[in-house]
Amino acid sequence: MIPRLFVLALAIARFSSPVLGESPHVWVEAESFQDRGGWKVDTQFIGIMGSPYLLAHGLGSPVADATTTVQVPAEGKYRVWVRTKDWVAPWQAKGSPGRFQMTVAGQPLGKDFGDEGTDWTWEDGGVVDVGGGLAAKLELHDLTGLEGRVDAILLTRDLEFEPPVELAAVNALRREASGLPEVPPETAEYDLVVIGGGYAGLASAISAARQGIQVALIQDRPVLGGNGSSEIQVWAQGGTRRGLYPHLGEIVEEFADRASNSPAADPAEFNDALKEQVARAEKNLDLFLNTYVYRVEMDGKNHLRSVTGLDTMKGTETRFRGRFFADCTGHGNVGALAGAEFLQEEKGRMGMSNMWVIKKTADPKPWPETPWALPLEMGDFPEPRPMEPYGVKNKSNLTGYDPGYVPAEDIHDYRHGEWFWESGFDQDPIQGLERIRDWNFRAVYGAISTLKRSAPETYKDYDFVWMAYIGGPRESRRLLGDVILQGQEMVDGKIYDDACVPTTWDQDLHYPKEQYAGKFPDNPFISRAEFGKHTDRKNGYPVPYRCLYSKDIDNLFMAGRCISVDRWALGSIRVMRTCGMFGEVVGKAAWICVRHHTTPRGVYDQYLDILKNLMTEPGAMRRDSLEGDLYLPADAKALPPVVQDTINPASLEGIVIDEEDADLTGKWASGEGLRPYVGQHYQYSRAPGASARFAFAVKETGRYDVLVFWQPHANRATNTPVSVLSAEGEKSLTVNQTQPAGTPNGAHRLGTFTFNAGEEAAVVFRTEGADGNVHIDAVQIVPAP
């Protein structure tokens, strides 16, 4: 069933403009305040509760007041209504953390707001006298900094009037008070309208604009990047510039983040400004930020004519006409509104994350009591991990690039709650999003209270400095195309004739982590990643083009995680660099549609060779008109060479023993997440009594350097036991595998040893006595200089 997205119309009393007509009501949207102070504009739940709203996201410290001035139709008495909610009330939690106060025309209203009801409701602020002219100043005063929220304020001369609570009636009242036209104004027709400004949408729009067609890019937030923006701070993963079409991914790499951690010490590491700069540099691309698409207009049953967008700051509406459309919303919102068929799991989906950061400081702020947060104890959640210095993590996406920021010098003062702070596995991934986000809030606030209460020796000097209030979702609708890619087809190596984008991520699905699920089994908030079948990381599995358009709507493309795949394939294709490459292909296909008067399906049926040829061209190529020739601009930016995720053992000198050839005892797990590694993967273990023996024999007696390979991780052992058996006997050593191995490719020199020709020698790793996972990858023996 397609959830209903209600028609919205924001009524704005802003910039001292009068309300039209004889209505007794003055309706003020909170997000329209002239000075929003420290309050944030939250737009992610418009389809659920009807509007953007202001959020007091102060992390426990009250935010600065929001103020605005509105005009009223006459002096006199007005009853004040405020649409808000007690956001913890759905769980009957103790207290009301989101409390705030309000002043109207200099008169404080005699109550705290945000402490009534279990959903969005109107709270009665009483009656005020508005005199001394027709202007009234409104002030919102946050009391807690704990996620209080305000949708709208209604001032009415009808002192007996009570505004409606039901959402459809609320939105009808918005429209009545606003005077917005029944039919919003319409743009000229674009060749391609892209909805969603994450990696997929941004790459779609840039790719199409460079092909000489006219593009509108519509994004509901003030920044581009989606999950990969400063607002959410998820690393963009997935290998680019490889496989059948190694130029795919070049556009993505022009704007991709180079963050050192996820989340980072400074959100600016995700470089929102670069993304916007690259988009605005395209003369054929019109960018519409802060615009939420909530309605579609059809021309017949199967053809989109326009989408209607709400300006979330001004309250105005615009219809964007297009010949073709690209749904890059992640949730498949446009396809669902247009009636396209989609898949969506009933239960057991991947959830949504709200990551967070704390920082050690000399003068920590007082921490409030949080009786409304989840009641947690140490052991109910993983402690926040220390951040790593620049270059330790995300190495393949940093090498050769200007990161666009100065790395934090005090990085060791930071800890963070990472991707696995995730919930909503069995919640509605569309209509339940606000409640999922708020549950994550309760979990994080509860964790910080527990850390400060139960481990003050470690955490008393830490301040809560950042938490994503915009959630990072992973799974909801998947719109169906002419091909639904199956995960097993990827494993079997089935190659379609329209194979294009390489997906290099393993089939990675998230589930509640059993270790932390005991206290809240119905709604766990810590996840684990379960990697299914492996993907060829070097070349990738090429996803077919026919997954990138709707089988039902004849002018609708898709790019991002809402493309036509089954759930196992979703686990691989959902990472952002891969999603961006889908967008690059969509942009090229859109040009073919316009130039050859065909449809997305027609590209496959009649013009597949043209698409394949376009995919062989560099991403910087462009044409000046629809029928112009492609050319490479003289100022096209050169990209650094691709950093390989793996090291071919044959490329290393001397004797190389991969861990696949080692003699293993006990239980070992294989991994590919820490890169680069030698061969196909590495292995790790902390099982009691486990060992790995790397045996070899040299051909000539002499002195040899012994090197071992690893990539660091916080859960690796600081004291991994390693023994070298040589002609000198057995020498026991320990290595710290939480730290880099010392060379760019991850090799660490254990020392120089004598080996006799033809005699078996060995390097042995053991888990006994190790204080973390023991990491094994490869051993290299080279003649000493």
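Modeller: The following account takes the helix contacts, then the pocket and the cavities, and lastly some points of the backbone. The model is a predicted one.

Two packed helices are described by the angle between their axes and the distance between the axes. Helix H3, residues 199–210, has its axis within 7 Å of the axis of helix H12, residues 576–596, and the two cross at roughly 30 degrees. Since angles under 35 degrees count as roughly parallel, H3 is therefore roughly parallel to H12. The crossing of H3 past H12 is right-handed. On the side of H3, the contact is formed by Tyr199, Ala200, Ala203, Ser204, Ser207 and Ala208. H12 contributes Met576, Arg577, Cys579, Gly580, Gly583, Glu584, Val586, Gly587 and Lys588. By class, the residues of this contact of H3 with H12 are seven nonpolar, five polar and three charged.

H3 also meets helix H5, residues 272–280. The axes of H3 and H5 come within 10 Å and cross at roughly 25 degrees, so these two helices are likewise roughly parallel to each other. The crossing of H3 and H5 is left-handed. Here Tyr199, Leu202, Ile206 and Arg210 of H3 face Lys275, Val278 and Ala279 of H5. The contact of H3 with H5 comprises five nonpolar residues, two charged residues and no polar ones. Tyr199 takes part in the contact with H12 and also in the contact with H5.

Arg210 leads on to the open space. Together with Glu254, Asp635, Ala636 and Lys637, Arg210 lies nearest the centre of the second largest pocket, which is lined by 18 residues. The volume of this pocket is about 450 Å³. Helix H4, residues 250–255, and helix H5 are the elements that give two or more residues to the lining. The largest share, three residues, comes from H5. Ten residues of the pocket lining are nonpolar, one is polar and seven are charged.

Rolling a probe the size of a water molecule over the atoms shows where empty space is left. There are five cavities of 30 Å³ or more. The largest cavity has a volume of about 190 Å³. Its lining has 20 residues, and Gly239, Thr240, Arg242, Ser396 and Asn397 are those nearest the centre of the largest cavity. This lining divides into five nonpolar, seven polar and eight charged residues. The second largest cavity has a volume of about 60 Å³. Of its 13 lining residues, Met350, Gly351, Pro429, Leu433 and Glu475 are closest to the centre. In the lining of the second largest cavity, six residues are nonpolar, five polar and two charged.

Some backbone details remain. Most residues other than glycine have a negative phi, and most peptide bonds are trans. The peptide bond from serine 262 to proline 263 is cis, with omega near -5 degrees. Proline 676 is found in the loop between strand S34, residues 669–671, and strand S35, residues 677–678. Glutamate 147, a residue other than glycine, has a positive phi, near 70 degrees. The place of glutamate 147 is the loop between strand S9, residues 135–142, and strand S10, residues 148–156.

Definitions and conventions. Residues are numbered from 1 along each chain as its sequence is written. This is a predicted model: local features need pLDDT of at least 70, side-chain atom pairs count only at pLDDT 80 or more; totals for chains, interfaces and linings use all residues. Side-chain values use heavy atoms; hydrogens and water are left out. Axes are lines fitted to C-alpha atoms, for helices over the stretch in contact, and angles run from 0 to 180 degrees between N-to-C directions. Helices (H or I, at least four residues) and strands (E, at least two) are DSSP runs, numbered from the N terminus. Angles under 35 degrees count as roughly parallel, over 145 as roughly antiparallel, 65 to 115 as roughly perpendicular and the rest as oblique. A crossing is left-handed if the near helix is turned anticlockwise from the far one by less than a right angle, and right-handed if clockwise. Contact means heavy atoms within 4.5 Å. Ala, Val, Leu, Ile, Met, Phe, Trp, Tyr, Cys and Pro count as nonpolar, Asp, Glu, Lys and Arg as charged, and the others, Gly among them, as polar. On a 1 Å grid over the protein atoms alone, a cavity is a set of points where a 1.4 Å probe fits but cannot get out, and a pocket is an open set with protein on both sides within 12 Å along at least five of seven lines; lining residues have an atom within 4 Å of a point. Grid points are joined across faces, edges and corners, and a volume is the space filled by probe spheres set on the points.
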